Structure formats: C-alpha cells, structure tokens
Amino acid sequence: MAEVSLFKSILTCKCPKCRKGRVFTHKNPYHRKFGKIEKKCSVCNFIYEMEQGFWYGAMYFSYAFGVLISIPVVVILLLKTNLEIFQITGVIFCILFALSPLLFRYSRSVWLHIFVWYDKDLVNKIGD
Ligand SMILES: [Zn+2]
C-alpha cells in the first residue's frame, strides 16, 4: 500500500505514527459522540493521549482556524452587504457553531501530528 501523506493523514484524522488507525471512534464528524477519541491506535497500539491534558494545546489551533474562517467572512459581509456589525457577529457565530465538530477534530489532528511523527520502520514491520 502506498504511503499516506501527512496532509491526508491530518485530513482523515488518522494515527500520526502509522497513518492507518483511526483517532476518533466515529467516522462521521456530526455524530453525537463526534469528539470521542480511541484510547490507542488499533493498528500500531500508539496511545493517543500521551499525557494528561495533552489535548488542551489543540485549542490554540481551534482558535486559529476559527479566526482564519472568520476574517474572510467578515470582509465579504462588510463589502457586499449592509449588515450591522452585530449581525455579522451573529453570522460568524452560526458558521463557527456549525463547523465546531470539524474545528474540534482538525485542531486535535494537527496537534497530534505535530508531536508524533510518522514511523516508516514501524509501518514496514506491521505490514500492509
Ligand atoms: Zn497507529
């Protein structure tokens, strides 16, 4: 099997070490338990929560993604509509609320991929 790229691994929320096992228990990001994370990788047995409070840092990325989404929306709404700033705030709130499961997942996926790198030798040992 071909090697999974870092980008695809983050986007599909795979284990950063083997890029095969799933991080989240449910595939659908809008499932009721969208944030539930597996204890360890089903393929390489890597334990995802390496230390207590490990996931707190992912909030920085969640915030950054929120800002990256909000800025273009604000600019477009200010230029193309006559909405008041509090109405724009409402629109932003609705968009971020709707996207919150995705922001939650991708921020954790990025966070995990920063600290744990792909282990090619391990993947070769496990096989396809
Ligand atoms: Zn793994």
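Predicted model: local features only at pLDDT ≥ 70, side-chain atom pairs only at ≥ 80, totals over all residues.

**Reading the model**

Biologist: What secondary structure does the protein chain have?

Modeller: Helices (H or I, at least four residues) and strands (E, at least two) are DSSP runs, numbered from the N terminus. The protein chain has four helices and zero strands, and its pattern along the sequence is α-α-α-α. The C-alpha trace spans about 60 × 30 × 25 Å along its principal axes.

Biologist: At what angle do helix H2 and helix H3 pack?

Modeller: Such an angle runs from 0 to 180 degrees between N-to-C directions, the axes being lines fitted to C-alpha atoms over the stretch in contact. Helix H2 (residues 58-80) and helix H3 (residues 85-115) pack at about 145 degrees, and their axes are 8 Å apart. In the contact of H2 with H3 there are 19 nonpolar residues, four polar and one charged. Here Ala, Val, Leu, Ile, Met, Phe, Trp, Tyr, Cys and Pro count as nonpolar, Asp, Glu, Lys and Arg as charged, and the others, Gly among them, as polar.

Biologist: Is Val 67 buried or exposed?

Modeller: A residue is buried if 20 or more other C-beta atoms, placed from the backbone, lie within 10 Å of its own, exposed if 12 or fewer, and partly exposed in between. Val 67, which lies in helix H2, counts as exposed because it has 10 C-beta neighbours inside 10 Å. Across the 128 residues of the protein chain, 17% count as buried.

Biologist: Where is Cys 41 placed, and which residues does Cys 41 touch beyond four places in sequence?

Modeller: Cys 41 is placed in the loop between H1 and H2. Cys 41 is buried because 21 other C-beta atoms lie within 10 Å. Beyond four places in sequence, Cys 41 touches Cys 15, Lys 17, Cys 18, Gly 21 and Phe 46. Lys 14 is 27 residues from Cys 41 along the chain, yet their C-alpha atoms are separated by 8.9 Å.

Biologist: Which residues make up the largest nonpolar core?

Modeller: In soluble globular proteins, nonpolar side chains tend to be buried together. A nonpolar core is a set of buried Ala, Val, Leu, Ile, Met, Phe, Trp, Tyr and Cys residues joined through C-beta atoms within 7 Å. The largest one here has 11 residues: Cys 13, Cys 15, Cys 18, Val 23, Phe 24, Cys 41, Phe 46, Tyr 48, Ala 58, Trp 111 and Leu 112.

Biologist: What is the phi of Cys 13, and what is the phi of Asn 45?

Modeller: Cys 13 is not a glycine, although its phi is positive, at about 55 degrees. Cys 13 belongs to the loop between H1 and H2 and is buried because it has 20 C-beta neighbours inside 10 Å. Asn 45, also other than glycine, has a positive phi near 65 degrees. Asn 45 is found in the loop between H1 and H2, and counts as partly exposed because it has 13 C-beta neighbours inside 10 Å.

Biologist: How many residues separate Phe 54 and Leu 112 in sequence?

Modeller: Phe 54 and Leu 112 are 58 residues apart in sequence, while their C-alpha atoms are 9.0 Å apart in space. Phe 54 is in the loop between helix H1 (6-11) and H2. Phe 54 is partly exposed because 15 other C-beta atoms lie within 10 Å. For the protein chain, 57% of the contacts between residues at least 6 apart in sequence join residues at least 24 apart.

Notes:
Residues numbered from 1 in each chain as written. Contact = placed C-beta atoms within 7 Å.
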